[in-house]
Every structure is written in structure tokens, then in C-alpha cells.
Amino acid sequence: MSATDLLEKSRTKPGASTAGKSPARGTKLVVLSADGMRPDFYRRAADYGLKIPTLRTLVDSGASADAVESIYPSTTYPAHATLVTGVPPSVHGIYGHLASLDPTEPARPWCWHARALRVPALWDVARASGRKTAAISWPVSAGAGIDYNIPEIWDPALPDPHRDFSRVAQHSSPGLFEEVAKTLIAQAHAGTGHSHKPSRKSPHGHALTLPEVSPDRLRAEAALYLWARYKPDLLLVHFVRYDQQAHRFGPLSPEALAACEEMDTEIGRIREALAGSGPVTLVVLSDHGFVPVEKEAAPLVVFAEEQLFGRDKKGKPQLDRLGAVHAGGSFAVYWLEEPSTEDRNKLGKALRRLLETHAVAEILGRNRLGDLEADPDAEVMLEAAPGFYFSDRFEGPVVRDTVKDRGTHGQLPTCPGLEASFIAVGQGIVPGKNLGRFSLRRVAPTLAHLLGLPQDILASKERAVELGKRD
Ligand SMILES: [Zn+2]
């Protein structure tokens, strides 16, 4: 859909909202995604000993959900695509985090690029309606039509890809990364008394690093800069540290809870910066929750043993007809070519063997995936049993005690613990309102409404969540 079409749509359906009067045209919207944050963290912070004063204040002064039901698979990239489009993966086209179905590929690209989205995103409709847009590290936003954009993207072949910002710089709005980096480096310099120049020495030639602080601090600093300098009408920011620590140490580990507390501090700094900027709605949300795991299961070991993958002369696995994408709590399997009866028998046998390990709770076939509006190309998806997660390992035992992750997500969105969060504070939003449980698909129409746009400007069929009326 072209920008002109979108604008036309926004003009021809001015009163289409069912969620009451739209906020005033001049209301700005800041959306902070707290990746992986469960709503019980702000509902029952004391139970976890969590010190999150900003989030608790936001809950008291705004409307918040008990639970937001994510999509399938409940992973970051498909869920963030739903957050800005209001449609499920089968419609927006981001079915998983990886853009490659080849598990033998050593450095697989992720779905970083907005061109893969098959429907307009919130940033498209906002911009087409004359709103100034900005985003920091939002998944699936590289190359998006965002006025001030620094996307989340990296070079998966690098040993420490998240410390090198060369790809980010390449895919940011022209000159914007360098502009923001200069400010951040100057601030770090002023703060520490040490000079910090971006390093350009790397075996790959173009390393571009930033001050050694947590990714959430960097993202918050960049957001604060864009807010002060460009005053966007829509600002989207993605925080990742909790998700990283929850994967590594477990969702309730001291490390993960500390990351949540640090994020709370960053959210507090952003909230302070919004004061005095005129009417602004602040939304803090997440894409999915988290569950603890103790065991790792490797379906590819079984698939290789059943000869669904070849081996080269050195014994390295080689792609044949089967593709696969691991997603923590789920695992998608694809036929890359039309399978023979023998191929189907091999897969059937492999799946029976996997069920016998008790690592697989359920095998979802095409009909079930259709009902879930998930990946239409997958032949089956495996659902991890409680306590298990799936890896992309080809060697070793099928199931072993985890050596890496203590937390995961990716299972069915109804799996307890995988609920996502939503808190909204701003003019016209009833303080302390409990929004109960609703679908992640309703978030984008709600955000469109908060920006003063008709909610049906998006491809979503969902209604905006009512934030403004007392129960
Ligand atoms: Zn996530």
C-alpha cells in the first residue's frame, strides 16, 4: 500500500474508531518494549523482591494488563511485527527470528528487514498521516520508512556481533548513527574522564563500537537524544537486557531481575525527559514472557540420524530436503522440496523418536498451525515440554542438561509464564485501570488510536483496547 493510499484511507475514515474519541492530534506516543518482561513482574513485584519504582508508578497512574497473549511462535521478531501491524505471523509474514531455513548454515541471518512485512506497520501509517517517526533497535525495522531510524541488526559472522555497530550504522537513516554515536561517546568521555574513540580495528575491517555500557543504557541514551533533538510524534524503543539475562540465567535469576531493575531506571529517565514536552502517551509493553528450562533437546541430531540431512566428506551435515528453525520453546520443520513417500516416512520415524524423549509436548501439523495463524510454510512445529528448549545442535546426545540457557520462550502463547505486558499512561487514560487479558494483535490498533489515527488504518481486524472509560 502506498503512502498516498494510506493517507487517503486516514482521511476517508475519520470516525472509524470504536474506542471512543481519539486523543488530540498533537498527542505524541512513546512505546518502550521491555523484551520478555512478564506482567507478574509489575503485578507482584514484591513477591520477587523486584525494585521497579518507575513501572509501579506507571501501573498506578495508567492502565495495565494482567496478561497480553502473544502469537505463535512466542518469539521476539514475529511478536514485534505483530505489535506494529496488529496481524498474526501468517499475515505479516515474519514467521520466526531467522530468515534462513538452513540449519547447516553457520551464521544465519535474522528477519531484520522491514521489507519482509507484507502489511503496513504503525510507522508507515503514522508517517503517511503526517506524523514524525523515530525508532531505536526495533526488530524488523531495517530499511523501514521511519524518519529517524537506528534499527536492530548485526553481522552474525562476527565473534561478538552485538559489540560491533557497523551494520547498524549502514542501515540507519543516513548519518543518524554517526550523529548519535558522537553524542554518546562525548557523554561517556565527560562521565569517565577517558577518551573513547570508535574503534575501527577489527579482523573484519569495519568494527564500530560504542561505550562499554549495557545495551539498554545505550538504547535509552539514543532515544533521549532523538526525543530532545527531533521531537518525534512516535518513538519506538526496544530494550533487550532482561531477555538476554533471562535466557542465560533464568527468568527469575538475580541477573535477570537486576536487568529488569536497570531497565526500570532507563524507563524512569525517559519518563522524566517526556515531562514538559506537551501531551505524550507512554506505553511500556513486551512481546512474550519467559519460562525456566533445565534440559536442551536437539531434534537435528535425530533428523541427521534418520538421514534427513546429508554429510560431506568431513562428516559435516549438509542440507538436503529438510529445513529447520529452532526457536527455544518451539522448532519448525520445512520441506524445501516436494518430499517422496520415503522422505515422509523418515520424518514420521524421527518425530516418533523425538516424542519418546519426552522433550516434545506436542507436534503441531498444518491444520493446527493454520488455526494459530502461524507459519504457513512449516510442515510441522514441535512444542517443547515444560523444562525443555530446542537448539540447533547436530552432534551429541538428543537430550542433555542445559549447558547454555536457563530460560526460554517460543512455545504456544497460552503456555503459563509466556504472557506479555502492557502499561499505558497519558491524557485520557484512567489511572489504575486493569485491562485484564487481551491479544497482542490488539496492541497496534490501540497504538494507532493513541496517536489519533483511525484504528482501522492498519490491516488488523482487531479493536483498540479501551483505556479511557472507567469500568
Ligand atoms: Zn523477545
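Visitor: Where does Pro73 lie?

Guide: In this predicted model, look at the loop between β3 (67-69) and α4 (76-85), and you'll find Pro73 there.

Visitor: What makes the peptide bond from Tyr72 to Pro73 cis?

Guide: Its omega is near -5°, and the bond is cis. Most peptide bonds are trans.

Visitor: Let's move to helix α13. How do you know what length to expect for α13?

Guide: Helix α13 covers residues 341-356, and at 1.5 Å a residue you'd expect 22 Å. From first C-alpha to last, α13 reaches 23 Å, which is close to that.

Visitor: Which residues of α13 are buried?

Guide: Leu347, Ala350 and Leu354. To be called buried, a residue needs 20 or more other C-beta atoms within 10 Å of its own.

Visitor: Why do the buried residues of α13 line one face of the helix?

Guide: Look down the axis of α13: the buried residues fall within an arc of 60°, so they line one face. In general, an α-helix has 3.6 residues a turn, so residues three or four places apart point the same way.

Visitor: What covers the buried residues of α13, and which exposed residues sit on the face turned away?

Guide: The cover includes α12 (299-305), β13 (360-364) and β14 (380-384).

Visitor: Why is α9 called roughly parallel to α11?

Guide: The axes of α9 (residues 215-230) and α11 (residues 254-274) cross at roughly 5° and come within 10 Å. Angles under 35 degrees count as roughly parallel, so that is what α9 is to α11. Their contact has 8 nonpolar residues, no polar ones and 5 charged.

Visitor: And why are α3 and α11 called oblique?

Guide: The axes of α3 (residues 53-61) and α11 cross at roughly 55°, coming within 7 Å. Roughly parallel needs an angle under 35 degrees, and roughly perpendicular runs from 65 to 115. The pair is therefore oblique. Pro53, Thr54 and Leu55 in α3 meet Asp264, Ile267, Gly268 and Arg271 in α11.

Visitor: Why does Gln307 count as partly exposed?

Guide: Gln307 has 13 C-beta neighbours inside 10 Å. Exposed would take 12 or fewer and buried 20 or more, so Gln307 counts as partly exposed. Gln307 also has a positive phi of about 60° although it is not a glycine.

Visitor: What about Glu373: what makes it partly exposed?

Guide: With 17 C-beta neighbours inside 10 Å, Glu373 counts as partly exposed. You'll find Glu373 in the loop between α14 (366-371) and β14.

Definitions and conventions
Residues are numbered from 1 along each chain as its sequence is written. This is a predicted model: local features need pLDDT of at least 70, side-chain atom pairs count only at pLDDT 80 or more; totals for chains, interfaces and linings use all residues. Helices (H or I, at least four residues) and strands (E, at least two) are DSSP runs, numbered from the N terminus. The expected span of a helix is 1.5 Å times one less than its number of residues. The arc is that of the directions from the helix axis to the C-beta atoms. Two residues are in contact if their C-beta atoms, placed from the backbone, lie within 7 Å. Axes are lines fitted to C-alpha atoms, for helices over the stretch in contact, and angles run from 0 to 180 degrees between N-to-C directions. Angles under 35 degrees count as roughly parallel, over 145 as roughly antiparallel, 65 to 115 as roughly perpendicular and the rest as oblique. Ala, Val, Leu, Ile, Met, Phe, Trp, Tyr, Cys and Pro count as nonpolar, Asp, Glu, Lys and Arg as charged, and the others, Gly among them, as polar.
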